[in-house]
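Hello,

Here is the structure I said I would pass on to you. Have a look at it first, and then read on for what turned up in it.

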Amino acid sequence: MTDTLLPNGIDDSGGDGKHFRKGCNPLAQTGRSKLQKQRASLNQQIIKQMRMRAGAENLLKATNNNKVKEMVVLELSYVNSNLQLLMGQLEGLNSSVDVYQSAEETTNIPLIALGLKETKEVDFSAPFKDFILEHYNEDGRTFEDEIADLMDLRQACRTPSRNETGVELLAKYYSHLPLIENRFFSPTRQTGIFFTWYDSFTGVPVCQQNLSLEKASMVFNLAALYSQIGTRSDRQTVAGLQEAISSFQRAAGMLSHLKATFTHTPSYDMSPAMVSMLIQLMIAQAQECLFEKNALPGVLNQFTSLIKMAQEAAKVSEIYDQVHQFMVQTPIKDNVPLFWSTMSQVKTNHYRAMAHHFLASALLDHELGPNDDEDQQEKTLSQVYDQLPEGCSPLGILKNKDERERIGKAHIRRAISGHEEALRNYSLCQHLEKLEALQEILKASHRRSLDKYSDYDNEEEFVDYVEAPDIISKTEHKAEMELPAATKVKVTDFFQRLGPLAVFSAKQKWTAPRKIRVCAEDRDLGFTLKGEAPVQVVSLDPLCRAATDGLKEGDYIVAVGDKDTKWMAVSDMMRLLKDLDEEGIEIQVVSVIDNSPPMPTKSATFSGNLPKTYSMICLAHNDEDKPPKNRKVMKKSSFLSWGLKNKMKSASTLSLPTDDHSGALSWNKPIPTFPTSSTYNNNNCH
């Protein structure tokens, strides 16, 4: 099946098509989209069953009634049975590789594509409006269009088209995420937005409030989309094979980026072990396509060409064997579909058998003639084997017809046994049995090796059965990871009206905009400006009109009159202010608030196994009875500083009763020493 619309689908050309973002069509009734909808439905059923199981387990722990316990145990057995069935159905979806193959694909072994991770819808509207009002001191309602655009873009990423346009769509949203994070996700405040993503293999949901899970899931989906583009490529053409090779290498590159950048993702499908296996799988499929590209024009029936193809096939078999070893390790084997591990085992045996068949053809069909380069053929054959049977040498095999035939027949026997093993692996997996094209390819390869052996099999002669040596793998073009440029897409910040991100971010805090009357006295404003955008007030004359009106050194000018100046440079700002009359003009400025005011160290104390957090200043001993010379002289805080500290103290700490009834400041007293094993900072305890 392809991305073309089915007869009962909704046509996307013209009409309603303009309502969808480029690279996305949620109404397309393709086989792949139907598969994704089934995945979403299964994820919802799995989370429902998991909630029921969690509730039953909690009830089992809480109750002492034996009858209730029996009912709960029975209910748990039903829930666990339903979960197993749902997991099996999800495994079946992950095994549906035929949906992702090209419509012209009939003579090639199917390739494996990753399914897209599913997610829940997220409503940014209310949290972002509140944050804009509280943090940026602007009306959040004026940003409704920008918020809607962001939500539309995220929703479109749930149904990307399977081409470069779909990749650009996902990459665009991924590039917006760092901007959104800097604008709205403060390190000291939770936004209340929950991002939920489902494990691609098990359907288990993972929920987080920060954007790390969102970013990692988008990288995974980019890799999955590249793998789907690779599987849908027409592998009967050189251009199609090149597209498949590039797509699988890019998928491996995205997965490598995921592994290196997001090291602690809570979803198992993005764990280091699982991602390492997926990288190897993508590389193996790229190498398989490279082999098919070499074989597409046809393999020349020449000694050197056949030896080359034998080593190329051995390389594909070697990589698939590594993939299979990954898949059978715990806990990967408990999460990867059986179809995947069986397919990798089938391909390991199939391509190993092909390698022996090519080498057998080189030895049986070609004899060393007087016009052949003896040294070159000897060198070529010596590079094929790591170890020859006892008494054999490359030159001896080439010159001795009987020896050449003996080793050649040994290779064809290994080819036959390899094809038989591949067919046996195929029959053990019910999902593989649905792929009739794969079965035909395996049977045809097996018959070809049998025919080759029958041509040289003489029942009357004594057969000296010798074990064919292993073939050293070698390739002229090794598949490698390729990090696509899609990870570095330039986008325009949806919320650029809030100002330059370097200044106006969630990490910075400001005062509310203050209106200042600026007048020129002898063409002197009383201050100078610096910075690109926004401009900052420096060298302020404390006696000028603006200073008396409340202007401070370091203030940022955000508006002049009715004109927003957050993005205005110094030169443009001076042009606005140079021709002021005596009445002047009103400007709006903001001041940066220090995000990390000095706070007393906090210590955790435990009473009755219940942790309580108190400020160390509150636990200070009253030492008025000590001699004055032992007292620590502390600098007296200013009135403004005292007010700030007292306000913070009352809001974030609990004061213990003391003997001091005079209202003296407790932080002017020596701080006792407490054990450090239980000391930690906790600004959220009240």
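Let me start with Gln345, which is partly exposed, because its relative accessible area is 27% and that falls between the 20% limit for buried and the 50% limit for exposed. Please keep in mind from here on that this is a predicted model. Gln345 sits in helix α11, which covers residues 338-364. Leaving out residues up to four places away in sequence, Gln345 touches His324 and Asn425. Asp321 is 24 residues from Gln345 in sequence, and the two C-alpha atoms are 6.8 Å apart in space.

How far apart are the axes of helix α9 and α11, and at what angle do they pack? Helix α9 is made of residues 303-327, its axis is 7 Å from that of α11, and the angle is about 160 degrees. The two helices are therefore roughly antiparallel to each other, since the angle is over 145 degrees. The crossing of α9 and α11 is left-handed. Sorted by class, the contact of α9 with α11 has 19 nonpolar residues, seven polar ones and three charged ones.

Helix α11 also packs with helix α14, residues 401-427, at an angle of about 160 degrees and with the axes 8 Å apart. That makes α11 roughly antiparallel to α14 as well. Here, too, α11 passes α14 in a left-handed crossing. The contact of α11 with α14 is made up of 13 nonpolar, eleven polar and six charged residues.

Now for the view of the whole chain. The protein has 686 residues, and 47% of them count as buried. You will find 18 helices and twelve strands in it. Taking the contacts in the protein with a separation of 6 or more, 76% are between residues 24 or more positions apart.

What about the inside? The largest nonpolar core has 123 residues, and Phe128, Leu255, Trp340 and Phe495 are the ones that touch the most other members. Helix α8, residues 272-295, gives this core its largest share, with 13 residues. A second, separate core holds 20 residues, including Phe527, Leu540, Ala547 and Met573.

Which residues is Leu255 in contact with, apart from its neighbours within four places in sequence? They are Leu114, Phe220, Ala223, Val275, Leu278, Ile279 and Met282.

Another leucine worth a click is Leu483, which lies in the loop between α15 (436-456) and β3 (509-510). Is Leu483 buried or partly exposed? Leu483 is partly exposed, because its relative accessible area is 48%. Along the chain Leu483 and Arg250 are 233 residues apart, yet their C-alpha atoms are separated by 5.6 Å. Beyond its neighbours within four places in sequence, Leu483 is in contact with Gly253, Met254 and His257.

A few points about the backbone are left. Pro534 belongs to the loop between β5 (528-530) and β6 (536-538).

- Asn137 has a phi of about 60 degrees. Asn137 lies in the loop between α3 (125-135) and α4 (144-156), and it counts as partly exposed because its relative accessibility is 29%.
- Ser539 has a phi of about 50 degrees. Ser539 is placed in the loop between β6 and α16 (545-548), and it is exposed because its relative accessible area is 53%.

Happy browsing, and best wishes

Note on methods
Residues are numbered from 1 along each chain as its sequence is written. This is a predicted model: local features need pLDDT of at least 70, side-chain atom pairs count only at pLDDT 80 or more; totals for chains, interfaces and linings use all residues. Side-chain values use heavy atoms; hydrogens and water are left out. A nonpolar core is a set of buried Ala, Val, Leu, Ile, Met, Phe, Trp, Tyr and Cys residues joined through side-chain atoms within 4.5 Å. Buried means under 20% relative accessible area, exposed over 50%, partly exposed in between (1.4 Å probe, protein chains only). Helices (H or I, at least four residues) and strands (E, at least two) are DSSP runs, numbered from the N terminus. Contact means heavy atoms within 4.5 Å. Axes are lines fitted to C-alpha atoms, for helices over the stretch in contact, and angles run from 0 to 180 degrees between N-to-C directions. Angles under 35 degrees count as roughly parallel, over 145 as roughly antiparallel, 65 to 115 as roughly perpendicular and the rest as oblique. A crossing is left-handed if the near helix is turned anticlockwise from the far one by less than a right angle, and right-handed if clockwise. Ala, Val, Leu, Ile, Met, Phe, Trp, Tyr, Cys and Pro count as nonpolar, Asp, Glu, Lys and Arg as charged, and the others, Gly among them, as polar.
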